[in-house]
Amino acid sequence: MDNPVIVAIDGPSGTGKSSTSKAVAAKLGLSYLDTGAQYRAITWWMLANGIDVDDPAAVADCAGKPSIVSGTDPLDPQISVDGVDVTTPIRSQQVTAAVSAVSAVPQVRARMVETQRAAAATAAAGIVVEGRDIGTTVLPDATAKIFLTASAEVRAARRSTELKGAVSLAATQEALIRRDAADSGRKTSPLAKADDAIEVDTSELTLDQVVDRVVALVEERRATVR
Ligand SMILES: Nc1ncnc2c1ncn2[C@@H]1O[C@H](COP(=O)(O)OP(=O)(O)OP(=O)(O)O)[C@@H](O)[C@H]1O
Ligand SMILES: Nc1ccn([C@@H]2O[C@H](COP(=O)(O)O)[C@@H](O)[C@H]2O)c(=O)n1
């Protein structure tokens, strides 16, 4: 039997990580883990419990409290906190604005990285894991590492379409840039491209083209390590 294939997909906000990762996992018959959803879930819990997310000590103190369960089905990715399905609420503007502060706290990251490695270790056929530090920190021995990029203008336009114009294009772009700066600038496992990751600029590609390219890269890497 083939070894499980581990695919790490990282990149800044709105580059297409989730859309690409789900489609690649479905095509290759792999599990899927959205690590951003896990950081959003713990942030949702902090906000729901009145924790000051700008106080790293307060966040660190309760980092171990919520029980977070992540689904790994690429066709129906779900996430719950203490038994509550938070798949939709973790996408709120309030959570998006607070998540970088929570995810910068080392105690939060230590806990998440442990569950992420456990998910990868138990995925029978293999898994696609998407995030910011998967190739550099969580799964440095992944079979294939992809780093997705796209211009800030393209990313903001895509996000704006998704939000159906509820927020202005300029405000959307500013928020993306601010979140990327916070995620890249933190001390503990910042957003970064692993030295051995392959960069794919998605600015001029359709989602299908990105998926085909990533599937081809994974198959190539799989053939060399078989
Ligand atoms: N190649 C593409 N062409 C056009 N639209 C795309 C492409 N890839 C993704 N999108 C769209 O861009 C938006 C952002 O994509 P997605 O949520 O997959 O990005 P992400 O990197 O996971 O974002 P985040 O880090 O903020 O969670 C979605 O509306 C998605 O449908
Ligand atoms: N490996 C990761 C993944 C995510 N984060 C943090 O979570 C935020 C939300 O991620 P999305 O992919 O859902 O947008 C992101 O801005 C990071 O702060 C992380 O730190 N590490």
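**Entry 1**

I began with strand E4 (residues 79-81), which two bridges join to E5, the two running antiparallel. I looked up the terms: helices (H or I, at least four residues) and strands (E, at least two) are DSSP runs, numbered from the N terminus. Two strands pair if DSSP finds at least two bridges between them.

My reminder: strands of a sheet pair through backbone hydrogen bonds, either parallel or antiparallel.

**Entry 1: what I am looking at**

This is a predicted model, in which local features need pLDDT of at least 70 and side-chain atom pairs count only at pLDDT 80 or more, while totals for chains, interfaces and linings use all residues. Residues are numbered from 1 along each chain as its sequence is written, and chains are lettered from A and ligands numbered from 1 in the order in which they are written.

**Entry 2: the whole protein**

I noted nine helices and eight strands. The C-alpha atoms fill a box of roughly 50 × 40 × 30 Å along the principal axes. Why does the radius of gyration agree with a compact globule? With 226 residues such a globule would have a value near 17 Å, and the protein has 17 Å. The radius is taken over C-alpha atoms, and the globule rule is 2.2 Å times the number of residues to the power 0.38.

I checked burial too: 41% of the 226 residues count as buried (20 or more other C-beta atoms, placed from the backbone, within 10 Å of the residue's own).

**Entry 3: ligand 1**

I listed 17 residues around ligand 1, with Gly-16, Lys-17, Ser-18, Ser-19 and Arg-158 nearest. A residue is near if its C-beta atom, placed from the backbone, lies within 6 Å of the molecule. Helix H1 (17-28), helix H7 (152-162) and helix H9 (207-225) each give two or more residues to this shell.

**Entry 4: ligand 2**

Here I listed 15 residues, and Gly-36, Tyr-39, Ser-103, Gly-131 and Arg-132 come nearest. Helix H2 (35-48), helix H4 (93-103) and helix H8 (169-185) each supply at least two. Which helix gives the largest share of the shell around ligand 2? H2 does, with five residues.

Note on methods. Buried ≥ 20, exposed ≤ 12 C-beta atoms within 10 Å, placed from the backbone.
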